[in-house]
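Please open the structure in your viewer and keep the selection tool at hand.

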Amino acid sequence: MSNQEGERRPLDFFGFSTDHKVIGIQYLVTSFIFYLIGGFMAGIVRTELATPDPDLVDPEMYNSLFTVHGTIMIFLWIVPAGAGFANYLIPLMIGARDMAFPKLNAVAFWLIPPGGLLLLASFLIEAPQAGWTSYPPLSLVTGKVGEEIWILSILLLGTSSILGAVNFSVTIFKMRIPTMGLNDMPLMCWAMIAASALILLSTPVLAAALILLSFDLLAGTNFFNPSGGGDPVVYQHLFWFYSHPAVYIMILPFFGLISDILPVHARKPIFGYQAIAYSSLAISFLGLIVWAHHMFTSGTPGWLRMFFMITTMIIAVPTGIKVFGWLATIWGGKLRLNSAMLFAMGFIATFVIGGVTGIMVASVPFDIHVHDTYFIVAHFHYVLFGGAVFGIFAGIYHWFPKMTGRMMNENWGIVHFVLTLIGANMTFMPMHILGLQGMPRRVAMYDPRFTELNVVCTIGTYILAVSTFPFIINAVWSWLKGPKAPGNPWEALTLEWMTSSPPPIENFHTTPVLRTGPYDYGMKKTLSIRARLKEMASSVPPRNKETGIRVSEAQSSSLLGDIQDSDSDNHP
């Protein structure tokens with residue numbers, strides 16, 4: 001169905017497809033469109049907050065804007081973008097031809113546009129106003145129609161997430177090539193195992209909470225309505241049992257991406273492969289037992305506060321293992337400071353700031369002081385924008401040649417990085433001070449003494465808005481007119497780079513054979529194999545694409561002959 005081998009027709013990306021590569025790009029492009037819409041709403045909110053009085057939009061519209069902004073950025077930007085990278089990369093990384101369930105994969109994606117359009121359509125009728133958390137009793141009195149539209153949208157998006165998690169798990173465990181063990185997988189695969197486990201365990205709990213809230217809205221039940229004997233704190237427990245793991249559902253895929261990007265551009269093996277891999281599983285487990293730290297001011301008993309304070313602090317340990325592993329990988333490396341590497345290093349810097357403030361708000365006395373202030377807004381934006389968004393852009397710059405067969409312009413990429421780094425820190429850093437001084441979040445009107453810092457935050461938002469233009473121009477122009485990309489422009493070792501750019505329809509003409517680790521940069525064994533490949537490539541006749549080659553034959557072929565291992569194999 002392609003006009004050239006390995007290429008899709010442009011119209012294929014606008015229709016129904018079961019090719020994981022097409023679906024991955026559909027995820028990424030769709031989520032980026034919603035990112036622009038959510039960013040536009042953030043611009044209106046920040047413009048409103050440049051002055052203490054509500055002089056741009058009325059308070060009701062302000063409530064709707066920050067509610068839908070938060071919902072879009074979480075459920076329609078970061079989560080689908082992570083799924084988009086996983087869709088595109090996981091089968092290629094493990095040597096599979098496609099995902100385990102291609103039709104289910106297509107269904108998972110096509111639930112997202114209706115969910116997003118439904119949410120946006122609420123502005124035509126009655127937009128939700130209760131914040132992205134939708135706490136009762138506020139959500140029971142601010143407008144039933146808008147709240148119900150919000151619930152239906154989240155249920156669609158959550159269903160998409162569950163279907164994707166099933167597909168990723170089965171694909172990784174059952175479709176790896178025979179020569180790839182679990183400890184031979186790229187770290188992106190480990191990250192997706194951990195994220196998928198969280199999705200499967202926690203998302204149904206959110207669905208249950210929203211269905212019960214919907215009964216309260218439409219059927220007059222009193223699950224969470226205090227006026228009828230319901231308990232709104234129960235909703236908080238159910239909501240945060242999903243929504244704190246959701247932070248890790250959002251960030252774990254980008255932990256994996258960064259772990260795969262840094263060794264390539266530092267030309268060094270990843271430091272502590274197993275520690276980084278197993279720390280993802282630790283984050284997945286611990287992420288399920290920290291939810292009530294969002295509820296320290298909700299009448300939580302002291303003994304329970306102590307338990308959740310300790311677990312929240314402990315979860316910093318596996319995260320810290322990753323950060324130190326990344327830093328050790330960069331240390332002493334032969335760094336290529338291109339766009340992908342700059343965004344990966346920016347990811348580490350900004351995410352660590354969010355992580356440090358996370359330890360602060362894990363402490364009960366400090367959290368009580370800053371709860372529902374702009375300190376919390378600063379914290380989670382450093383985690384999610386500094387973490388996930390920097391990770392998304394690092395991934396796009398790194399795998400753009402593989403996805404499109406074209407190279408991006410590095411100069412414009414660096415401009416994009418500089419503007420993004422300045423804009424993000426200028427927007428979110430002053431919010432820490434605002435929160436410590438007592439400015440509450442989710443308000444359109446505030447004490448005039450906070451005006452100056454709010455103006456700084458608003459200017460930073462405008463810089464962030466401007467930063468997207470060089471990226472959009474660069475991506476579109478490069479996709480259409482950029483220089484042709486070789487199959488492996490970064491000289492990487494993971495399997496997705498061992499095929500053409502873009503890959504053929506079914507990824508590999510023959511079953512690939514794993515001969516090196518995914519991060520064996522500088523190893524003597526790797527260098528020997530690379531030399532043998534270069535020497536023999538011109539003399540080896542092309543294989544028959546229809547019949548392929550058996551794994552047993554490939555393992556002993558003349559092209560990939562046995563290389564004698566040396567004692568120095570485990571040292572760079």
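Begin by selecting Pro 137, which sits in the loop between α4 (112-125) and α5 (138-141). Helices here are DSSP runs (H or I, at least four residues), and strands are likewise DSSP runs (E, at least two), numbered from the N terminus. The peptide bond from Pro 136 to Pro 137 is cis, and its omega is near 10°.

This is a predicted model, in which local features need pLDDT of at least 70 and side-chain atom pairs count only at pLDDT 80 or more, while totals for chains, interfaces and linings use all residues. Residues are numbered from 1 along each chain as its sequence is written, and side-chain values use heavy atoms, with hydrogens and water left out.

Next, select Pro 502, in the loop between α17 and α18 (524-536). Another cis peptide bond joins Ser 501 and Pro 502, with omega about -10°. For context, most peptide bonds are trans, and most residues other than glycine have a negative phi.

Asp 372 is the next stop, in the loop between α14 (364-370) and α15. Its phi is positive, near 60°, although the residue is not glycine.

Now display helix α13 (residues 339-362) together with helix α15 (residues 374-404): they pack at an angle of about 160°, with their axes 8 Å apart. Axes are lines fitted to C-alpha atoms, for helices over the stretch in contact, and angles run from 0 to 180 degrees between N-to-C directions.

Move on to Asn 409, at the start of α16: one of its side-chain oxygens reaches to within 3.0 Å of the backbone nitrogen of Asn 411. After α16, select Gly 438, whose phi is positive, near 105°.

Finally, select Thr 451, in helix α17 (residues 451-481). Its side chain reaches the backbone oxygen of Pro 448 at 2.6 Å. Beyond its neighbours within four places in sequence, Thr 451 is in contact (heavy atoms within 4.5 Å) with Ala 50, Pro 52 and Tyr 446.

Key. Polar contact = N/O pair within 3.5 Å; in protein donor to acceptor, adjacent residues only side chain to side chain.
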